[in-house]
Amino acid sequence: MCAESNKECCKPKIAVDLTAANEILDQYRGKPGALIPALQKVQEHYRWLSQPLVEHIARELNMFLSEVYGVVSFYSQFYTSPRGEYTIQICRGTACHVKGSLRILEQLAAELGVEPGEMTRDGKFTVEEVNCIGACGIAPVIVAGGKTFGSLTVAQALAAIRNFDSGV
Amino acid sequence: MAEEFITLTIDDIQVSIEKGSTILDAACKQNIYVPTLCYQPKLTRFGACRLCLVEIEGFRKLVAACTTPATEGMVVHTRTSEIDAMRKTVVELLLLHHPLDCLTCDRGGDCELQKLAFNLRVSDDRFGFKVEEYPVDDSNLFIQRNFKKCMLCGKCVRACDEVRNVGALGFFQRGFSTVIGYPYNKLVNCEYCGQCLSVCPVGALISKLSAFEARPWEVDQVRSVCAYCSCGCSVILEHKRDKLIKISSREGIGANDGLLCLKGRFGYDFVSADNRLTTPLVKTDKGFMPVGWAEALEFVAKRFNQIKREQGAAAIAGIAGSRCTNEENYLFQKFMRACIGTNNVDNYARLEHAPSVTGLMRSLGVAATTNSLAELCRTDAILLAGSNITASQVIAGIFIKQAVRNHGTKLIVIDPRSMEITRFADVWLRPKPGTDLAVINGLLHIILKSGWHQQQFIAEYTLGFDEFSKSIAKFTPKRVEALTGVPAAQLEQAAQIFAQADTGAVAYGMGITQQPYGLDNVSALINLSLLTGKLGREHCGIYALRSSCNVQGACDMGVLPDYLPDYQSVAQAEHRQKFEQSWGVKLPADKGLYLPQMLIKAQAGQLSAMYIMGENLIHAYPDYNQALSALKSLDFLVVQDIFPTDTAKLADVILPAASYAEKLGTCTNMERRVQQVRPAVPAPGEAKADWEILVELSRATGLAMNYTSPAEVMAEISQLLPDYRDINYKRLAGDGVFWPAQDGEGEGEGQRYFTFEDFAEGKGRFSTSEYHPPAGEENYPFILITGGILFHHATGTMSRRTKGLSYLCPEGYIEINPEDADKLGIKEGELVEVVSSVGRVQAKAKVDDRYQPGIVFMPNHFANMPVNKLIKVKLETVSHLPASKYTLVDIHKLGV
Ligand code: SF4
Ligand code: SF4
Ligand code: SF4
Ligand code: FES
Ligand code: FES
């Protein structure tokens, strides 16, 4: 209808449960420098920062959406696409590369049916490449759900994930 | 405090400049060219593009002139072979990602990058990279963004944020993938003002309306004034031969200093609309027939003369539009008074700001806003009442937003509606509709009780204080809270802020005036200025936020039944004599009919003929049924307009007029700034400027007003109107003149703000009033508020005929609070019927919570949703304004 509805003072209807976000934002409202910690906390809960969430945060902190989204898209710590329950990080540093991390990456991605950076369709995993994580001694290395697996062959890497999958 | 100056040397030239200036400022002062891309005078310094690099003796590295402060004794070189090489590299790097399609780029010939490449002789893409494909962003109706051409200078982002306070744009992603645009490619908050467009140094942002219409060198520019609201923005009309191509603005000129709103910048294509009136039309049995000018004017003159002979001059009345020039309004009332012989003249101001004219005259003796708009930017406290200012007087709204953000101004808003400006308010008082007077009186009560009033000021500069102070004793915060729903604590806070600020201004709009007791509201606001000593000096003003571009001028020119030009009363013989001498006729001494009275008389068969110039009366008048039946009862109706409006269709004769882009004249904006309107293109067909039509019509009636140009009319105006004395077209060449302008020399900009010497008694007068609570009615549970929105203006005669504006907002609607919508089972976009005691109208529902439950809103710009069919007006008894702001209605969902 009328384009005046693009105004932020017109509240759009959002299909996300905002209860948790509101609880978090209550601690930050009106405080200077609150944006980044607030974003971190909200992301911790929702795993990633969807557009309706970012819009909600902007409105609640009385900031321009352009400002908030500018920050969100600037820092790699903030995710703007869905994240799985567990993150699988495949180290692509030099040592791991030499020990065949590319094959591990390719095989894992094929097994889970995703490209690096994407989330599996069941919402369980997000696969991503990282730079050296400082464990070159046990290269090649992956970190899945916070646990580090080292000195892997492709088969071991796949096994680690499959076990993970079945809840081990 | 004396400014400290320092002296430095730039390219062997000595420059002195205020301490704190940058090297670039110093270079500009000497007209030494330093190339820049990311620098813009009004915006914060960015220092990103590195084009302004200069060498300072004794420094190892080159520095950015735009961010480096000039210091005493500094020796600067702006062109060395090293600098040229650096700049060349910078430009080459920029061109790396920039498609070289200058030949078909809309900014070709007017692009900073092109100019730089030319100056530095950058000819080839040295790195041989291929530019990646980026899409263009077409989501903005008026502005296309081409990511490939963007140099990430960030000017558009800063302009949108710092100047407009909108923040629709940002930098997203990082490193090589950095882009500038809308968050999520979504136009949140964008107001389509085009400020971003106006600062973009290259062709990354272009106006879709004018793209590929013309090359910059084919375009001629004419400086003029915007035809929409009373901010009176200076505009540059750009035309290619006979076609208006584009409207732009320029920093540093006019009231707006480079700012425009979407109506001013993009709302111009109505000028070349297909259905402009191009020939006089006379109504016959077979409908309207085109006739020549001579025949049409003969006919009009004959009928007017006949009616005058048979029924007397008082059977004829005239209504002038507030969008015509001062000269035209002056001639209109002269025609009615001198040629016809009646004081039955009135103008659109009656419908919106009659209480301001009456109230300001009564209390101060001047019928105008007291201070200039620019002063708002540095006023310590502003009280804004009854105005959606960021939609209806956009530039004044921006000044207030900038004041809050940059000057630390405290803003108090009194309005039931949640609006953009309420987000900027320190205190937002949200009264029940129609209870504003109680709120204002509550503030006055608290100030007086707390001893915050300015006793010395009151003793020296005001009258009627004792009676006034008694009259507000009843308005204790508690009682006001009960009457209005505004918490007492908020009232206290607002009163304290306003009273204790060093400087303060009061601004109010039609939410205050268009009420049954609008005059009392206005007078109470004036009381507030007087009580707190915030009047008669800089940054202490009362602003009547008027709607159309020349409402002020139409009143100044005496298109009023009780005042001759410049508010000289018709009842006083010495005033009449002055005009009688000049015009060579005897003038009627009786007050004429006010606009609403004209309609009543017409309905009663006591008024036979009407002449309407530039007003779509049946939609402008708040009571549609009454206006329609009145015009239909007339024997003879002449309508002069640029379009065949619904009012024109009722006429016996339609006279085709020229639009603002086609004629010469002056307009007076709401801050009393008289400015020149200049023609850029010829009028279509045989259409003529209103002043020409009036001159020719007067000849046909037998009493000729012989003028050959608007300048001649202005010469007469400046002789007969004390406030316009010494105004002439030469003096108006630049930024215009604030009246009162007499200075004996005919130079200078006139008077920006009134002092007490300018007020009639040298003092301001307190007023008292009775408080009347708004009336309720059982069968109509909702309060309907009508008003304006950002995308349109007045009856939409111009804005709705503009493709862009009518696309953005094609039709009317009714805003319903979600709670009410739930109860009635109404969903967004559903058709509802709105019923009042006098009519019914259908509209689509827009569910949002700008108003509290129980209140609904409908915009009043749409002929296809004539909100005024629902309204039965109540006349304000002194100023004769037909009050219309609130109507009681019921709402039904349709199709159930
Ligand atoms: S048009 Fe105005 S509001 Fe919209 S992005 Fe540009 S500067 Fe901002
Ligand atoms: S669009 Fe224009 S103004 Fe905005 S950053 Fe790009 S080049 Fe600069
Ligand atoms: S409508 Fe008003 S604010 Fe907008 S450009 Fe015209 S004069 Fe300026
Ligand atoms: S390279 Fe993989 S851990 Fe260092
Ligand atoms: S103009 Fe100085 S760095 Fe851009």
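Me: Where in chain A is A:V42 found?

Reply: In this predicted model, A:V42 belongs to helix 2 of chain A, residues 35-46. A helix here is a DSSP run of H or I with at least four residues, a strand is a run of E with at least two, and both are numbered from the N terminus. Residues are numbered from 1 along each chain as its sequence is written, chains are lettered from A and ligands numbered from 1 in the order in which they are written. Local features need a pLDDT of at least 70, side-chain atom pairs count only at pLDDT 80 or more, totals for chains, interfaces and linings use all residues, and side-chain values use heavy atoms, with hydrogens and water left out.

Me: Why is A:V42 called buried?

Reply: Buried means under 20% relative accessible area, exposed means over 50%, and partly exposed lies in between (1.4 Å probe, protein chains only). A:V42 has 0% relative accessibility, so A:V42 counts as buried.

Me: Which residues is A:V42 in contact with, leaving aside neighbours within four places in sequence?

Reply: They are A:I24, A:L49, A:L53 and A:I57; contact means heavy atoms within 4.5 Å. For A:L53, eleven residues from A:V42 in sequence, the C-alpha to C-alpha distance is 8.6 Å.

Me: What does the secondary structure of chain A come to?

Reply: Chain A has seven helices and four strands. Their order from the N terminus is α-α-α-α-β-α-α-β-β-β-α. Of the 168 residues in chain A, 45% are buried. Among the contacts in chain A with a separation of 6 or more, 64% join residues 24 or more positions apart.

Me: Where in chain A does pLDDT stay under 50?

Reply: The pLDDT is the predictor's confidence in each residue, from 0 to 100. Chain A averages 85, and 89% of its residues score at least 70. Over residues 1-5 of chain A the pLDDT stays under 50, and the model has 24 contacts beyond four places in sequence for them. Residues 8-13 of chain A are also below 50, with 19 contacts beyond near neighbours in sequence. Where pLDDT is low, the predicted coordinates should not be read in detail.

Me: Why is helix 4 of chain B described as largely enclosed by the rest of the structure?

Reply: Eight of the nine residues of helix 4 of chain B, residues 155-163, are buried, so the helix is largely enclosed. The buried ones are B:K155, B:C156, B:V157, B:R158, B:A159, B:C160, B:E162 and B:V163. Elements that they pack against include strand 7 (143-146), helix 5 (195-199) and helix 12 (394-407) of chain B. After helix 4 of chain B comes B:N165, with a positive phi near 55 degrees.

Me: What puts the buried residues of helix 22 of chain B on the same side?

Reply: The buried residues in helix 22 of chain B (residues 595-603) are B:L595, B:P596, B:M598, B:L599 and B:A602. They cover an arc of only 155 degrees around the axis, so they lie on the same side of helix 22 of chain B. The arc is taken from the directions from the helix axis to the C-beta atoms. Just after this helix, B:G605 has a positive phi of about 75 degrees.

Me: Why is B:D848 called buried?

Reply: B:D848 has a relative accessible area of 4%, so it is buried. B:D848 sits in the loop between strand 36 (840-847) and strand 37 (855-859) of chain B. Its side chain reaches the backbone nitrogen of B:R850 at 3.3 Å. A polar contact is a pair of N or O atoms within 3.5 Å; within protein, one must be able to donate a hydrogen and the other to accept it, and residues adjacent in sequence count only if both atoms are side-chain atoms. B:R850 and B:M419 are 431 residues apart along the chain, with their C-alpha atoms separated by 6.9 Å. B:M419 is buried too, with a relative accessible area of 1%.

Me: How do you know that B:N868 is buried?

Reply: The relative accessible area of B:N868 is 7%, so B:N868 is buried. A polar atom of the side chain of B:N868 lies 3.3 Å from the backbone oxygen of B:H619. B:H619 is also one of the residues that B:N868 touches, not counting those up to four places away in sequence.

Me: Which residues are around ligand 1?

Reply: Among them are B:C160, B:C190, B:C193 and B:C196. A residue is near a molecule or strand if one of its heavy atoms lies within 4 Å of it. By class, the shell around ligand 1 has nine nonpolar, two polar and one charged residues. Ala, Val, Leu, Ile, Met, Phe, Trp, Tyr, Cys and Pro count as nonpolar, Asp, Glu, Lys and Arg as charged, and the others, Gly among them, as polar.
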